[in-house]
Protein chains: 2
Amino acid sequence: MSSKNFSLSGMPDLSSLEVKRREYVFSIVKNIFEKYGFFPLETPAIEKRETLMGNYGSEGDKLVYQVLKSGDFFSKQDKKELLKSDYKTISSIISDKALRYDLTIPFARYVSKNQSDITFPFKRYQIQKVWRADRPQKGRLREFTQCDADIIGSDSLWLESDLLKIYDEVFRKLGLKDVVLKLNNRKILEGLYSNLSANFSFSEFCIVLDKIEKKGKDVFLDFLKENDISRENILMFESLLINSISIDNLNPDFSSIVNIKNELIEEGKKEVVDLFSKINRLETLKIEFDFSLARGLDYYTGMIFEIQCNDIDIGSIGGGGRYANLTTLFGNNIGSGVGISFGVERILICLDELNLFPKDLDCSLDLLFVNLGEEEAFLCQDYIDELRVSGIKCELFPDQVKLKKQMSYANKRGVKYTALVGEKELKSKKITLRNMIDGSQESITLKDLINRLKND
Amino acid sequence: MSSKNFSLSGMPDLSSLEVKRREYVFSIVKNIFEKYGFFPLETPAIEKRETLMGNYGSEGDKLVYQVLKSGDFFSKQDKKELLKSDYKTISSIISDKALRYDLTIPFARYVSKNQSDITFPFKRYQIQKVWRADRPQKGRLREFTQCDADIIGSDSLWLESDLLKIYDEVFRKLGLKDVVLKLNNRKILEGLYSNLSANFSFSEFCIVLDKIEKKGKDVFLDFLKENDISRENILMFESLLINSISIDNLNPDFSSIVNIKNELIEEGKKEVVDLFSKINRLETLKIEFDFSLARGLDYYTGMIFEIQCNDIDIGSIGGGGRYANLTTLFGNNIGSGVGISFGVERILICLDELNLFPKDLDCSLDLLFVNLGEEEAFLCQDYIDELRVSGIKCELFPDQVKLKKQMSYANKRGVKYTALVGEKELKSKKITLRNMIDGSQESITLKDLINRLKND
């Protein structure tokens, strides 16, 4: 075997089973998206560099894969000048394209470009691969699939309601039981922040808040203290973080929120109450109002959500929220939108660890015809032609090699039945059928074989 | 509207209809592949640069998209030394990854890497996007989908037979009628070439031969003359190119091939005869033996095929062949393989131009509930919940805007029915259903509505 490793870490090959498992999840998700009026869109893997860079924060930008210009990218450059520049500047000269990093920016680019042809509110779902030059770890790859549904062009909370119902139905169909949707509203956070007269930005405030889940609430409280926030305000936040807001029967009780007179907070609270009144009922999803949920991305402006599966300690398996101005990045303001995302790779891990994939994901042969000689092979081929007409997955072992080798091939491929057509069967026009699981054999006509396998 | 163009040429966005049309073709192809015992494999979009570069010929290599190293790719380089190099050398230093250019090399890389775990003969199909920095034109994009089936590890002609039957069944299912499979054997070509004592390589011979289809046979004959090939040989080729080899009832008549005593030619002819005896019958595909078919790629060593749809002048819509040593590129020799490829983008163009897509590719809503007020909307939402349980694609228009605007939205989205629930319907518990095609209206219960749409 070659000693060289030709594979890249974090960029997995997917076996038949892995492809089938993905297709299983996607078919459930697509079916539900479409019932809710979302239809597919696909954008190219390669976008202009300028479309992507600058939209993911400085840490995100570093993870964008940049594509070299084709041809002589140095020909028109003053090379001496170039030498004085740092690698980032040089990148921007020799690279003009980059790989899809998420599905949201390409969606905003698409909507901006096609706004005169699009009927708003515009709904789409998108299930495609994205690439990030990140450090690979469990549930985090360099190539992975994202799965988003978004609506743009309406600020109605009926949309949030539909998206939460989609989450509920998808996780129910997948068989995941202990799934929690954490929910917050950026307006509440913005109202609380504006009351602080802080020397840090709202964006920083959100980033530190977001750390509470992994590192505990002291990280956040210490940050407030270090930044000279008043004792009164710190006490208020402490109480907020301790007293969870119960949502019995989708009826939130905000009485524990200290009564700050602030329009944004009132608006945020009203949205939460309105949204719950619209949803009326969820079957699988449990909802928690989580004051410490802030979501990393700057563009969220209203309701925000994050999904966790309590059975598996793997972090968030979905998330999303309302954004006001996404398309302004491309020179248009089409209005408010809202979207959700499924963490496909992590959901696949959950389904695997919880044994929730259907047993027979249909990636093995129904039947292998053993090759016992040239004349026999021709007869087998006639049988195979008819079996395939009936939709049965079958093939002839291509070479006349020892029976043992052919049986070993059948076993390794997980074939359910093998068919033997030798001298005897050539005369009798019957087929010897061997059940590869229990080893039993029987003599059977082609017609009976077809019926057997069709009902199997 | 923004004056900036954020899109890249040759890298298309795919609308719902375009996605659905692709899914329609893929589902037919996948279903047939699996009946023939092929199962899916997916490889990552990004491979090591060294895995791809050097395998597609100098012209092909230029079209490979190279990905910049992450981080400071110049840090460890002597910049002055670097600037003396040409851009190709610099590329090889600052780029260590590249984008999938075809599915064959990644397949060979996969098989080499996993050979100790794979059961041979190994069959896989792969339907994935590839990227080429080519000049975009009709049926040729920079991002496009390839669709391949290959078997590696057996030299049995039963495999060629299955692959030709797959072509036959796929094109029949797609409704394409006048489809021709051109066929040749590299061994015949190699035998004829070896007889020439030529001062050019076999590879050059094939490249010039391949030009006949587009530029006429004189290009080839002139090339022979310029390279001092004997008059006798040139006459032989002339006769070969004029007298087509008829294949009545899959029974090839090679008598027009000048009788050169050459083992390779005999072997090639025998393979063609054997293959036809195995196929026995094709329903859609017409077979032509085309002596001028050579296939551009160096790795073919046996039977080669190319598919044309005579109804549309778009060039080849598929091709493939037998190769002996593909995995040696990665330090292994796993043996002979054979594969076919479907030209997905061109097939889509053919189906579109010939009106062969199913009329209802299921990318519109079954039903839109018009939003006539808050109380009405809540009742609509109850109805919608039940309709969705029955698998009906429906939604509530999210905003209370003028009826005209909502109806215009329904029309533009191609919605089949709209449902009106106003004051009257609030009391009667009935729904006013409007057929958006003929404009007819009726009053209907939820139960009747569900039955109507389920049977629609």
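## Arg124 of chain A

Arg124(A) has its place in strand β5 (residues 122–131) of chain A; a strand here is a DSSP run of E of at least two residues, a helix one of H or I of at least four, both numbered from the N terminus. The model is predicted: local features need pLDDT of at least 70, side-chain atom pairs count only at pLDDT 80 or more, and totals for chains, interfaces and linings use all residues. Residues are numbered from 1 along each chain as its sequence is written, chains are lettered from A and ligands numbered from 1 in the order in which they are written, and side-chain values use heavy atoms, with hydrogens and water left out.

With a relative accessible area of 1%, Arg124(A) is buried (under 20% relative accessible area; exposed is over 50%, partly exposed in between; 1.4 Å probe, protein chains only). Its side chain makes polar contacts with the side chains of Gln126(A) at 2.7 Å and Asp150(A) at 2.9 Å. A polar contact is a pair of N or O atoms within 3.5 Å; within protein, one must be able to donate a hydrogen and the other to accept it, and residues adjacent in sequence count only if both atoms are side-chain atoms. Leaving aside neighbours within four places in sequence, the residues in contact with Arg124(A) include Phe38(A), Leu103(A) and Asp148(A) (heavy atoms within 4.5 Å).

## Strand β11 and its partners

Nine of the ten residues of strand β11 (300–309) of chain A are buried. On one hand, β11(A) pairs with strand β7 (residues 179–185) of chain A in the antiparallel sense over seven bridges; pairing needs at least two DSSP bridges between two strands. Val179(A) stands opposite Cys309(A) there.

β11(A) is also joined by six bridges to strand β12 (residues 316–323) of chain A, again antiparallel, and Glu306(A) has Gly319(A) as its bridge partner. These two strands form a hairpin with six residues between them, and Gly315(A) in the turn has a positive phi of about 85°.

## A five-strand sheet

An open sheet of chain A has the strand order β15-β14-β16-β17-β18, with mixed pairing. β15 (394–396) and β18 (441–444) stand at the edges with a single partner strand each, so one side of each is left without a neighbour in the sheet.

Strand β17 (residues 431–435) of chain A runs antiparallel to β18(A), joined by four bridges. Within this pair, Leu433(A) has Glu442(A) as its bridge partner.
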